[in-house]
Amino acid sequence: MPSTDDELRKLKQVLEIPAGKEWESTVRLLLHLMGENPSREGLRRTPLRVKQALQFFTSGYRQDPAKILNRSFDVKQDEMVVVKDIDFFSLCEHHLLPFFGKCHVAYMPNQKILGLSKIPRLVDVFSRRLQVQERLTVQIAEAINVHLKPLGVACVMEASHLCMMMRGVQKQNAKAVTSSMLGVFRSSEKTRAEFLTLIRSSLVG
Ligand SMILES: [Zn+2]
């Protein structure tokens, strides 16, 4: 994002980018810089498709986690709630390349629970932004912690990063695992162990 609207206006003038065509012009420029001819038949609709794809991959910026989490149900339940094997796809903020894998979330209710579908939706909101896996993991756990105020939250994510697989170290099977443990998941070894046992069948290695 440019630092000021003024900067963006100047840039658009220099590049002669018509208003409302910023995305398409930028992708056409990118295609040109990659050594392609943006006007050839096969690439004609590529700028529009890239725009639509990137807008979807970053749609999480325009969604509010509070709206997803503000409806909870009162219960007497005090057993751990676990939602595991949530598929997620995100873009690494260093290379704009995908990283993707599984997310496992648990919380220990404090008189309140969420609808189960809310957790995968929350994962989508934070995944559909430019991310680093560590921050994504923490954001998911903290959003539940802040809005639901449970006794504890745990989030574990395991992901393959295309920026590691296609370039750099080119390790095809390396997976990054990150975790965030809050409340009782941090203070109680027993609770943490119970959660890790429940998700272990999903975790690699
Ligand atoms: Zn990367």
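Two residues are taken to be in contact if their C-beta atoms, placed from the backbone, lie within 7 Å. The model described here is predicted.

By this contact criterion, helix α5 meets helix α6. On the α5 side the contact involves Leu-122, Val-123, Phe-126 and Ser-127. On the α6 side it involves Leu-136, Gln-139, Ile-140 and Ala-143. Of these contact residues, 6 are nonpolar and 2 are polar. None is charged.

Two packed helices are described by the angle between their axes and the distance between the axes. Helix α5 spans residues 118-127. Its axis comes within 10 Å of that of α6, and the two cross at roughly 135°. The crossing of α5 past α6 is right-handed.

The strands form an open sheet. Its 5 strands run in the order β5-β2-β3-β6-β7, and their pairing is mixed. Strand β6 covers residues 152-161. It pairs with β7 in the antiparallel sense, over 8 bridges. Within this pairing, Cys-155 has Ser-180 of β7 as its bridge partner.

Helix α6 also packs on the sheet. This helix comprises residues 133-148. It touches β2 (81-92), β3 (98-108), β5, β6 and β7. The direction of α6 makes about 155° with that of β6.

Conventions. Residues numbered from 1 in each chain as written. Predicted model: local features only at pLDDT ≥ 70, side-chain atom pairs only at ≥ 80, totals over all residues. Pairing = 2+ DSSP bridges. Helix = DSSP H or I, 4+ residues; strand = E, 2+ residues; numbered from the N terminus. Axes fitted to C-alpha atoms, helices over the stretch in contact; angles between N-to-C directions. Left-handed = near helix turned anticlockwise from the far one by under 90°. Nonpolar A, V, L, I, M, F, W, Y, C, P; charged D, E, K, R; others polar.
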